[in-house]
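The sequence and structure come first.

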Amino acid sequence: MGYSLETDTTTSPPRFAHVSKVGIIGAGVAGLQQAERLIESGKEVTIFEKASEVGGVWRENYADFGLQVPRELYEFPAFPYPKDTHWDKFPKGPAVKEYIQSFARHFGIDKQIRFRTAVLALEQLSDSVEGLPTGECTRWSITHAPSGDASKTTTEVFDFVIVATGMYGFPPNVPFVRGREAFLGEVVHSFDFKDREQARSKRVVVVGGGKSAVDCAVASVNGGAKEVTLLFRQAHWPVPRYLINMIPFKYATYSRLGHALLPTHYDVSAFVWWLHALFTPLKWLVWRLVELLIQLQFRIPTEMVPTERIEIDVTASSDRSHTLHAALHTPKPARRFFPIVGRCSAGGRS
């Protein structure tokens, strides 16, 4: 549930009518989008960014990274990709970063950013505000310092703080592997694989089966690697940009029809549930046809065909037991808030 910063009624707690000064930690896509909306509503916004430019994960990443969806599905609502610039259908990372920077400049958000500033502490304050109960937490203090110099700290107070630091922490996590000390080759995290030339004339093993793993494997091949092996626990269905090189797969994954063909992993009415049950055989047949076409398109050998049905694979975690455990041990309010966890992880409803 979301709440409006413009209202202050007893029916929509917590109350935000007192909010005028907002601090945002992080100048990636989420932080910039929040800033644009808040500035539009008249709020005073300050963004803290430890790097020297905006972009978040799009600022820098592994070799040849880019969008896995068409650009029109990855843009700011108030700022479509400018028509005076040529954009690929699936832009690479540097192009996406350029677009994000254009967005920040267009709305003047870049003027509200404290670059090269690291946030060291975030603390709740319980000072009183007229109209709110005494002692109710209404403000936050942010302690920050120039990146790399924690001795020069400054503390500022805000009415509201948004943490938009993303899901990918730093430094990257490289798991311990027994026997690694005996390996004479180079071991790098995908974050440090900046140039495909790093793989030239080498035998490369990429551990993982997600997007970054596949991207790094392809970049290694294009970089002239002698041999590339993709090592993963469980095979997943590769999703082509164009099914049989003709039909945009976005119609299957980002359309009402495509979602109607998926298991009902969200709350639906009794009538919609009845329709899903009625058309279950047809849905099953459609997805088996899609699987067959993908097998032919990618020439997937029999032993590499994923065991999970594609309509389940695209809506649930690859680690079924872990997700099921999380669903069974999640309090009911959270399960209502994240219905996909509670439903899909248990096998979904067909």
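## Basis

This is a predicted model, in which local features need pLDDT of at least 70 and side-chain atom pairs count only at pLDDT 80 or more, while totals for chains, interfaces and linings use all residues. Residues are numbered from 1 along each chain as its sequence is written, and side-chain values use heavy atoms, with hydrogens and water left out.

## The chain

Eleven helices and eleven strands make up the secondary structure (DSSP runs numbered from the N terminus: helices H or I of at least four residues, strands E of at least two). Of the 350 residues, 32% count as buried (under 20% relative accessible area, with a 1.4 Å probe and protein chains only).

Three strands form an open antiparallel sheet in the order 4-5-6. Strand 4 (117-125) and strand 6 (154-158) stand at the edges with a single partner strand each, so one side of each has no neighbour in the sheet.

Strand 4 pairs with strand 5 (residues 139-146) over eight bridges (pairing requires at least two DSSP bridges). Arg 139 in strand 5 is the bridge partner of Leu 125.

## A nonpolar patch

Phe 271, Trp 274, Leu 278, Phe 279, Leu 282, Trp 284 and Leu 285 form a nonpolar surface patch (residues with over 30% relative accessible area and no salt bridge, nonpolar side chains being joined within 5 Å; a salt bridge is a Lys or Arg side-chain nitrogen within 4 Å of an Asp or Glu carboxyl oxygen). Together these residues have about 790 Å² of accessible area (Shrake-Rupley method, 1.4 Å probe).

Helix 6 (270-278) and helix 7 (280-298) each supply at least two residues of the patch. Trp 284 lies in helix 7, and Trp 284 is partly exposed at 45% relative accessible area (partly exposed lies between buried, under 20%, and exposed, over 50%).

Notes. Patch = residues over 30% accessible without salt bridge, like charges linked within 9 Å, V, L, I, M, F, W, Y side chains within 5 Å.
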